[in-house]
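Please look at the sequence and the structure below.

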Amino acid sequence: MVSRTLRHVVAGAALMAGLAWPALAQAPADLGALREQLAQMSQTVTELHLAQSTVAPGAAAQLELRLSALEEEIRRMTGKIEEAQNSAEQVDAKLKNLQEDTEFRLNRLEQATGVLAGGAPAAGAGAAGAGAAPAPSSPPPATTAAATPAAPPPATGGGNPGGPSPASSSPAALTAYDKALGSLRRGEYDQAEGELKSFIAAFGSDKLAGNAQYWLGETYYVRGNYDLAAKAFLDGIKTYPGSAKAPDSFLKLGMSLIQMNQKDKGCQVLAELPTRYADASQTIKSRADRERKAAGCP
């Protein structure tokens, strides 16, 4: 009877390990695919940077937009690789916990098997009373307590370090956003415009909505629709003031106004950028300074 129980436990352990291993094997495969995509995108960025100095001025804005879209995809791809690496480590930890728990239970069962095979302890247990006899065939509460530490600790309200942020975008939002960025990267600006508008309409409260609003303005700017571009950038600044793309939107608002022959307003916006966005990257601040000089701002 005990040997049959032992076989069931071993079979159950093998089944659980069989379910865990494919997940563990899948993580490195996913990481490899992501790294390959990242390498290809980085190579494309390098090629576009090399070509940027040889294109006509009219095509420079389109090339710059494609570069910006590619660079954002690379940043997000890097984030995906880090998340996949974290997932692989979590799967590995769970598998180790499973193996340790299974080994512990098998050892307990083997001890129980030895006790019953000896015969004498079982007879003594019968003479001592019914309370002690069930112990070998049914692990005592101490078994459960010993196995419990293998499980993840309960949440404390402090978040899950290394795990997805509660503010992470939904899979549907990420898919729609990536599709729009892909259209931008291919230079399909009409298509990208429609996809970005759809994204904003469907996911206006998503953390990527501010980015999408910025890219919408870029689709207008690169096609020379500076009035629509200025409106889109201004909407982004007002609606998503905390967006990572807010400084970019402010920069492009000033540039759009200058292109609309509203030089004074455009110069004012560009001059205000370093103060309004003190934490903006040096690249953005330097670009604002160059655009002011190119426009002849006071």
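## Helix 6

In helix 6, the buried residues (under 20% relative accessible area, with a 1.4 Å probe and protein chains only) are Tyr189, Ala192, Glu193, Glu195, Leu196, Phe199 and Ile200. Helix 6 covers residues 189-202, which is 14 residues. From its first C-alpha to its last it reaches 20 Å, close to the 20 Å expected at 1.5 Å a residue; the expected span is 1.5 Å times one less than the number of residues.

This is a predicted model: local features need pLDDT of at least 70, side-chain atom pairs count only at pLDDT 80 or more, and totals for chains, interfaces and linings use all residues. Residues are numbered from 1 along each chain as its sequence is written, and side-chain values use heavy atoms, with hydrogens and water left out.

## Helix 6 against helix 7

The axes (lines fitted to C-alpha atoms over the stretch in contact, with angles from 0 to 180 degrees between N-to-C directions) of helix 6 and helix 7 (residues 209-222) come within 9 Å and cross at roughly 150 degrees. Helix 6 is therefore roughly antiparallel to helix 7, a term for angles over 145 degrees.

Contacts (heavy atoms within 4.5 Å) involve Tyr189, Leu196 and Phe199, among others, in helix 6, and residues including Ala209, Trp215 and Tyr220 in helix 7.

## The whole protein

The protein has eleven helices and zero strands; helices are DSSP runs (H or I) of at least four residues, and strands (E) of at least two, numbered from the N terminus. Of its 298 residues, 35% count as buried.

Among contacts between residues at least 6 apart in sequence, 64% join residues at least 24 apart.

Key:
Buried means under 20% relative accessible area, exposed over 50%, partly exposed in between (1.4 Å probe, protein chains only). Angles under 35 degrees count as roughly parallel, over 145 as roughly antiparallel, 65 to 115 as roughly perpendicular and the rest as oblique.
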